[in-house]
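Please open the model in your viewer and keep the selection tool at hand. The stops below say what to select and what is there.

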Amino acid sequence: ACQRTECTSDCNDVGRCLTLKKYADDYYNDDSVQYTYDEMWDSEKIMGCVCDFPYVNYDCSERTCPTGDDPLTTGQVNEQQLFYCTATGGSFAFLYLGEYTDTIKAGAHETAIENA
């Protein structure tokens with residue numbers, strides 16, 4: 001009754017089987033705040049799959065269909081994000097979709113930011 005649950009089909013070899021604690025340690029919310037889940041009784045007992053893109057489902061057994069804009073559409077422009085840094089020293093990194101950019105020094109030129 002108190003054993004650890006396991007991931008079905010070992011996530012079909014297209015995902016990672018993680019405890020709730022490890023999942024929380026590895027992920028951030030939309031505001032780049034890291035989750036914590038280490039004091040609950042089930043943090044090391046409940047496990048689930050984190051699927052590699054484009055796989056989904058509790059056991060990573062399904063693939064998602066392409067979504068979004070048709071890349072052959074003409075006459076459109078790419079979205080641009082504007083960031084204004086007022087720091088005079090140090091460095092920072094952006095977190096987007098769970099991935100960090102390379103470290104960017106405060107006062108870096110636009111090219112260095114684009115390459116990060």
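This is a predicted model: local features need pLDDT of at least 70, side-chain atom pairs count only at pLDDT 80 or more; totals for chains, interfaces and linings use all residues.

Residues are numbered from 1 along each chain as its sequence is written, and side-chain values use heavy atoms, with hydrogens and water left out.

Thr19 belongs to strand β1, residues 15-19 (strands are DSSP runs of E, at least two residues, and helices are runs of H or I, at least four, numbered from the N terminus). With a relative accessible area of 10%, Thr19 is buried (buried is under 20%, exposed over 50%, and partly exposed in between, with a 1.4 Å probe and protein chains only). Its side chain reaches the backbone nitrogen of Lys22 at 3.1 Å.

Next, select Leu97, in the loop between β6 (95-96) and β7 (99-100); at 71% relative accessibility, Leu97 is exposed.

Finally, select Phe92 and Phe94, whose rings form an edge-to-face aromatic pair, 5.3 Å centre to centre with 80° between the planes (rings of Phe, Tyr and Trp, the last by its six-membered ring, pair if their centres lie within 6.5 Å; planes under 30 degrees apart count as stacked, over 60 as edge-to-face and the rest as tilted). Phe92 is partly exposed at 24%, and Phe94 is partly exposed at 23%.

Conventions: A polar contact is a pair of N or O atoms within 3.5 Å; within protein, one must be able to donate a hydrogen and the other to accept it, and residues adjacent in sequence count only if both atoms are side-chain atoms.
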